[in-house]
Amino acid sequence: MPELKINLKVTNRCMGRCPGCDARISWYRAKPKEFEGSSDLDLDLAKRIISEASESGFKKIVLSGGEPTSYPYLLDIVRFAKAHNFIVKLNTNGWSLPNLIDDLHHAGLDSIALSLYSLDRSTYFLLRGHYGMFARALKAVDSLSVHRKIYPDTFSAILQTIITKVNFRDLPRLLKLAIENKFSAFATSYLEDAYRHPEIQMSTQDIHAFHEDVIPELLSIMDSYPLTPSARQRNMKTLQSYFSPEINTIKNWAQGIYRPLGQSDCGQPGNFLLMYPGGAAAPCYGFEYTHVKDLMDTTLDKAIGDVINGGKFRAFTKTSFDFCHYCPIGFHLWLDLSQ
Ligand code: SF4
């Protein structure tokens, strides 16, 4: 049976203005009924969600946002979730991470995914819309590196990036940074909502350049990195699968089309809950971009078990959701760097 996972958006607030996130930002800012009340998740509501999710068999929690390190009760939630035997992961842009690292470690956090989109300040600005975030993200890399040297048994650390027209040539430097700072993994995501962002979406020309210039460099870095033969082989295979014509046509990759129309083979609906600070719940990430409210539910007057097994979510699993065509969930790539 697949593991049940919950993504708890503890806050809608974020300092960034990432172009690929504008569908979310505009939705949160419009303050629809689903997000009434505070932009931050109420601590009592968070505890109820976690307790009920645990009773309903959920095992994993991802804490995200907005930017979760700016949420005042982050440590309380990590402690509470760990007391309920959850595997707890934090997704962050690193904003206040250095101040929280030791406390997150003591609270029992299992992993941190730090997103870093470039090592060039102006490229970073293009993808974040905020100058100050670059220095903060680099400081977070340093803090994670130092912390993990002092506490080798602490949480795992994943360096995460997106692949776009403006940063794809930075991938080798980002991979080297992850290796030099002993991250546990390097994760890359294709652009969600890509078809609405031709200014950052990879064109066919970019994809050809990626195949010709970037993949060989990534393979060479990976080839000289000491790993078990099976881990190296897995990573090499992963690298060769970037924008692979065996998975999808180059034309589709370049249009941000990841699946045939009417296909939703990701396994997410029915095994996943996306929770918003106001108590609203969605069955998958596609809602971030489509805002199809009549398929969303709320936990304000319902237990988590009733939401996940309720009519709306069940109906969704049987519904052909057009956004699946543009959704890269299930295609993101992961390089294991643990030696
Ligand atoms: S939009 Fe479709 S493919 Fe993407 S997570 Fe939702 S159901 Fe899965």
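**Entry 1: α7 and α8.** I looked up the numbers: α7 (residues 171-180) and α8 (residues 204-223) pack at about 15 degrees, with axes 9 Å apart. Axes here are lines fitted to C-alpha atoms, for helices over the stretch in contact, and angles run from 0 to 180 degrees between N-to-C directions. Helices are DSSP runs of H or I with at least four residues, strands are E runs of at least two, and both are numbered from the N terminus.

Leu171, Pro172, Leu175 and Lys176 of α7 make the contact with Val214, Glu217, Leu218 and Ile221 of α8; contact means C-beta atoms, placed from the backbone, within 7 Å. I sorted these residues into six nonpolar, no polar and two charged. Nonpolar covers Ala, Val, Leu, Ile, Met, Phe, Trp, Tyr, Cys and Pro; charged covers Asp, Glu, Lys and Arg; the others, Gly among them, are polar.

**Entry 2: a note on the model.** I'm looking at a predicted model, where local features need pLDDT of at least 70 and side-chain atom pairs count only at pLDDT 80 or more, while totals for chains, interfaces and linings use all residues. Residues are numbered from 1 along each chain as its sequence is written.

Entry 3: Next I checked α2 (residues 43-55) against α3: their axes come within 10 Å and cross at roughly 20 degrees. That makes α2 roughly parallel to α3. From α2, I noted Leu43, Ala46, Lys47 and Ile50, which meet Asp76, Ile77, Phe80 and Ala81 of α3.

Then I followed α3 (residues 74-83) to α4 (residues 97-107), where the axes come within 9 Å and cross at roughly 20 degrees. This crossing is right-handed. On the α3 side I found Leu74, Leu75, Val78, Arg79 and Lys82, and on the α4 side Leu100, Asp103, Leu104 and Ala107. By class that contact has six nonpolar, no polar and three charged residues.

**Entry 4: the ligand.** What surrounds the ligand? I listed Ser264, Cys266, Gln268, Pro269, Cys284, Tyr285, Gly286, Phe321, Phe323, Cys324, Cys327 and Ile329, taking residues whose C-beta atom, placed from the backbone, lies within 6 Å. The shell has nine nonpolar, three polar and no charged residues.

**Entry 5: the whole chain.** I counted 13 helices and ten strands. The C-alpha trace spans about 55 × 50 × 40 Å along its principal axes.

How values were computed: A crossing is left-handed if the near helix is turned anticlockwise from the far one by less than a right angle, and right-handed if clockwise. Two residues are in contact if their C-beta atoms, placed from the backbone, lie within 7 Å. Angles under 35 degrees count as roughly parallel, over 145 as roughly antiparallel, 65 to 115 as roughly perpendicular and the rest as oblique.
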